[in-house]
Amino acid sequence: MDNQFLMEIMDINEKLAEAESEAAINEFESVVRAKQKELTDNLSRAFEQDDFEKAKEILTKMRYFSNIEEKIKLKMVPL
């Protein structure tokens, strides 16, 4: 996993943890959905090109964003 990607994930997690308003949380949700869409498109291309190493890397990244999506859902549940 490249360092730039991991730094991006850490940054998103930190900012999400600090987010207090529903608008801020919704913004993160939009960003994560856009990233997941981009990764899904890249995954399709990797499979079309039989580039299974690239597909594996993309799936790993998708898992990180999926974890963030779960955190967003938990944060939106009223306590």
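**Entry 1: Leu16**

I started at Leu16, which is buried, with a relative accessible area of 3%. Buried here means under 20% relative accessible area, exposed means over 50%, and partly exposed lies in between (1.4 Å probe, protein chains only). I noted the ground rules next: this is a predicted model, local features need pLDDT of at least 70, side-chain atom pairs count only at pLDDT 80 or more, and totals for chains, interfaces and linings use all residues. Residues are numbered from 1 along each chain as its sequence is written, and side-chain values use heavy atoms, with hydrogens and water left out.

I placed Leu16 in helix H1. Helices are DSSP runs (H or I, at least four residues), as are strands (E, at least two), and both are numbered from the N terminus.

What does Leu16 touch, not counting residues up to four places away in sequence? I found Phe28, Ile68, Lys71, Ile72 and Lys75. Contact means heavy atoms within 4.5 Å. I also took the C-alpha to C-alpha distance from Leu16 to Ile68, which is 8.6 Å. In sequence, Leu16 and Ile68 are 52 residues apart.

**Entry 2: the chain as a whole**

I then stepped back to the fold. The chain has three helices and zero strands. From the N terminus on, its elements run α-α-α. Its C-alpha atoms fill a box of roughly 45 × 20 × 15 Å, taken along the principal axes.

How many of the 79 residues, in percent, count as buried? I read 25%. I looked at contacts between residues at least 6 apart in sequence, and 70% of them join residues at least 24 apart.

The accessible surface of the chain comes to about 5800 Å². Carbon and sulfur atoms hold 53% of that surface. The areas come from the Shrake-Rupley method with a 1.4 Å probe; for residues, only the protein chains shown count as cover.

The chain has 12 positive and 18 negative charges, and their mean positions are 2 Å apart. Lys and Arg count as positive, Asp and Glu as negative; His and the chain ends are not counted. Each charge is placed at NZ of Lys, CZ of Arg, CG of Asp or CD of Glu.

**Entry 3: salt bridges**

I went on to the salt bridges. A salt bridge is a side-chain nitrogen of Lys or Arg within 4 Å of a carboxyl oxygen of Asp or Glu. By this rule I count eight salt bridges.

I opened Asp2 and Lys61. They form a salt bridge, with the closest N and O atoms 3.7 Å apart. This pair links distant parts of the chain: Asp2 sits in the segment before helix H1 (3–18), Lys61 in helix H3 (residues 52–76), and they are 59 residues apart. Is Lys61 buried or exposed? Lys61 counts as buried because its relative accessibility is 14%. Asp2, at 34%, counts as partly exposed.

Arg33 and Glu29 came next. Their closest N and O atoms are 3.1 Å apart in a salt bridge. Both residues lie in helix H2 (residues 22–48), four residues apart, about one turn of the helix. Arg33 is exposed at 53% relative accessibility, whereas Glu29 is partly exposed at 23%.

I then took Glu70 and Lys73, whose side chains meet in a salt bridge at 3.7 Å, N to O. Both lie in helix H3, three residues apart, again about one turn of the helix. Glu70 is partly exposed at 41%, and Lys73 counts as exposed at 52%. I also traced a network: salt bridges that share partners join Asp2, Lys54, Glu57 and Lys61.

**Entry 4: aromatic rings**

I found three aromatic pairs in the structure. One of them is Phe5 with Tyr64, edge-to-face, at 5.6 Å centre to centre and 80° between the planes. The pair links distant parts of the chain, Phe5 in helix H1 and Tyr64 in helix H3, 59 residues apart. By definition, rings of Phe, Tyr and Trp (its six-membered ring) pair if their centres lie within 6.5 Å; planes under 30 degrees apart count as stacked, over 60 as edge-to-face and the rest as tilted.

Phe5 counts as buried at 6% relative accessibility. Tyr64 is partly exposed at 31%. I noted that Phe5, Tyr64 and Phe65 form one aromatic cluster.

**Entry 5: Gln36**

Gln36 counts as buried because its relative accessibility is 12%. Which residues is Gln36 in contact with, leaving aside its neighbours within four places in sequence? I listed Met62, Phe65, Ser66 and Glu69.
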